[in-house]
Amino acid sequence: MTTKAAAQWAVQLQYSALPPSMPHTAVRCFYNWVGCVIGGSTHPTTSKARRALSPFFGKETSTLLGHGGKVKTDAQHAALINGIASHVHDYDDTHLATIIHPTGPVASALLAYAETQKGISGRDFILALVAGIEVQCKLGMAVWPQHYDIGWHITSTVGAIGAAVAVGKLMKLSVPEMQHAIGVAATQVTGLREMFGSDTKSFHPGRAAQNGLMAAVLAQQGYTSSLTALEAKRGWAACVSTRNDLDGLFATLGKTWETEANAFKPFPCGIVCHPAIDACIQLHKDLVSVGIKPETLPNTLKTIQLQVHHLVIELTSKRTPRDGLEAKFSAFHGCAVGLLYGKAGPTQYADGVVVNPDVVAIRDKVQAEISETIEADQCKVEVSLEGSSVSSEQSQFSKYIEHALGSLKVEMTDKQLEEKFIDQCEPVIGQSARSISDTCWGLENVEDVGTFVSQI
């Protein structure tokens with residue numbers, strides 16, 4: 001009885017049952033999410049959604065982050081638009097075992113709902129956030145990888161269910177009510193991988209947040225669904241995957257914690273190509289250290305050879321991306337900007353950079369081959385240079401990445417997350433990014449989340 005087990009576990013979960021490290025882990029998830037939302041709040045994809053839907057906005061209860069607290073809408077639309085903004089740069093957190101981006105759907109729904117209430121504390125919020133992340137990640141693991149291989153965008157298909165559980169936790173739903181919330185969310189399956197590289201990819205977690213919030217609200221008012229929505233013969237798992245291990249995975253709730261297996265991206269693109277980008281940024285430093293000028297690389301780089309995990313080719317092999325959204329699925333672009341600029345942040349994924357002749361010249365020289373000995377967080381990059389200005393000692397360079405920055409073996413530190421936060425947010429909100437950063441770290445001690453939001 002997976003649906004009941006998930007509902008019962010979430011309803012009964014207490015703050016005291018969380019591992020000692022969990023509150024700070026959850027705050028890191030929330031902190032990173034806020035940075036991603038603010039950073040994506042003025043992206044054309046987010047702006048188009050807001051502009052298109054604004055005639056239908058309802059009572060102004062919930063904040064659209066990134067506008068100094070001046071823009072509010074109804075909770076449903078806030079969940080959707082903040083969810084879109086959180087994912088549009090592909091910079092959000094990643095549960096590496098399933099490549100789910102878990103905080104986006106859950107936090108977008110939670111914050112939108114929390115603002116409609118009084119007296120929801122930071123601890124209440126953290127507990128609900130963890131409950132939602134845990135359920136959605138266990139669900140994702142139960143159908144991985146077949147569910148993803150079929151073509152479902154797993155972040156949103158499980159995200160709506162995680163969001164429903166999280167909001168239901170804040171609502172203090174009963175076990176049957178939580179079962180119904182899970183069912184209403186489960187029937188709203190959203191997200192096709194075919195949409196990757198377009199505006200609609202980031203719509204997925206936004207819609208999942210909106211669907212999950214709606215599911216909990218309906219269940220709170222007695223709206224019914226199937227009490228066995230996840231495991232039934234014609235239920236969620238059977239319809240979206242060719243196999244599942246629901247019983248096995250949900251038996252581990254509260255025993256192994258998936259929130260603690262969540263990772264944070266140092267680069268705003270598909271996570272599978274991060275090892276290659278990491279290697280190319282390090283190679284940039286090596287080249288500069290021996291006197292190679294970066295501006296000469298489009299002409300002096302002769303070959304760039306990658307040895308990669310098979311998922312790099314499967315997921316990020318766009319050879320000629322046309323804009324920033326497509327470039328997020330191009331390991332070739334990521335390597336090119338890493339070598340040329342020594343960085344790969346949101347600026348390096350701007351539309352203009354993607355078609356920059358120097359970037360294109362380097363990108364066209366990148367070749368990638370699958371290596372059976374390379375793990376998902378590993379990569380080897382070899383480059384050769386030629387030209388009258390290149391000495392024999394400067395002609396061959398290589399870099400092997402055993403564990404990429406942002407992997408669980410080389411986690412981003414709080415300081416690195418702060419640098420990422422400021423880098424994303426300052427171009428949008430200016431110097432206030434630093435005070436908002438400080439405020440977000442204090443989530444656990446907040447007395448009222450609704451008041452807290454006014455400070456971010």
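Predicted model: local features only at pLDDT ≥ 70, side-chain atom pairs only at ≥ 80, totals over all residues.
**View 1. The whole chain, for orientation.** You're looking at 22 helices and eight strands; helices (H or I, at least four residues) and strands (E, at least two) are DSSP runs numbered from the N terminus. The C-alpha trace spans about 75 × 45 × 40 Å along its principal axes. With 456 residues, a compact globule would have a radius of gyration near 23 Å, and the chain's 22 Å agrees with that; the radius is taken over C-alpha atoms, and the globule rule is 2.2 Å times the number of residues to the power 0.38. Buried residues make up 60% of the 456, where buried means under 20% relative accessible area, exposed over 50%, and partly exposed in between (1.4 Å probe, protein chains only). Of the contacts with a separation of 6 or more, 77% come from residues 24 or more positions apart; a contact means heavy atoms within 4.5 Å.

**View 2. E260 in its loop.** E260 sits in the loop between α12 (246-250) and β4 (262-263). At 31% relative accessibility, E260 counts as partly exposed. Its side chain makes a polar contact of 2.4 Å with the side chain of S21; a polar contact is a pair of N or O atoms within 3.5 Å, and within protein one must be able to donate a hydrogen and the other to accept it, with residues adjacent in sequence counting only if both atoms are side-chain atoms. H24 is 236 residues from E260 in sequence, yet the two are 10 Å apart in space, C-alpha to C-alpha.

**View 3. S108 in helix α5.** Here's S108, found in the helix that runs over residues 103-114. S108 is buried, with a relative accessible area of 1%. A polar atom of its side chain lies 2.6 Å from the backbone oxygen of G104. Not counting residues up to four places away in sequence, S108 touches W33, A79, N82, G83, S86, T103 and A209.

**View 4. Helix α21 and its cover.** In α21 (residues 432-441), the buried residues are A433, I436, S437, T439, C440 and W441. Their cover includes α2 (22-40), α20 (414-429) and α22 (449-453).

**View 5. The cis bond at P145.** W144 and P145 are joined by a cis peptide bond, with omega at about 0 degrees. P145 falls in the loop between α6 (122-143) and α7 (146-150).

View 6. I99 isn't a glycine, but its phi is positive, near 50 degrees. It belongs to the loop between β3 (94-95) and α5, and at 15% relative accessibility I99 counts as buried. K172, also not a glycine, has a positive phi of about 60 degrees. K172 is in the loop between α8 (154-171) and α9 (175-186), and at 69% relative accessibility K172 counts as exposed.

Technical notes:
Residues numbered from 1 in each chain as written. Heavy atoms only, no water.
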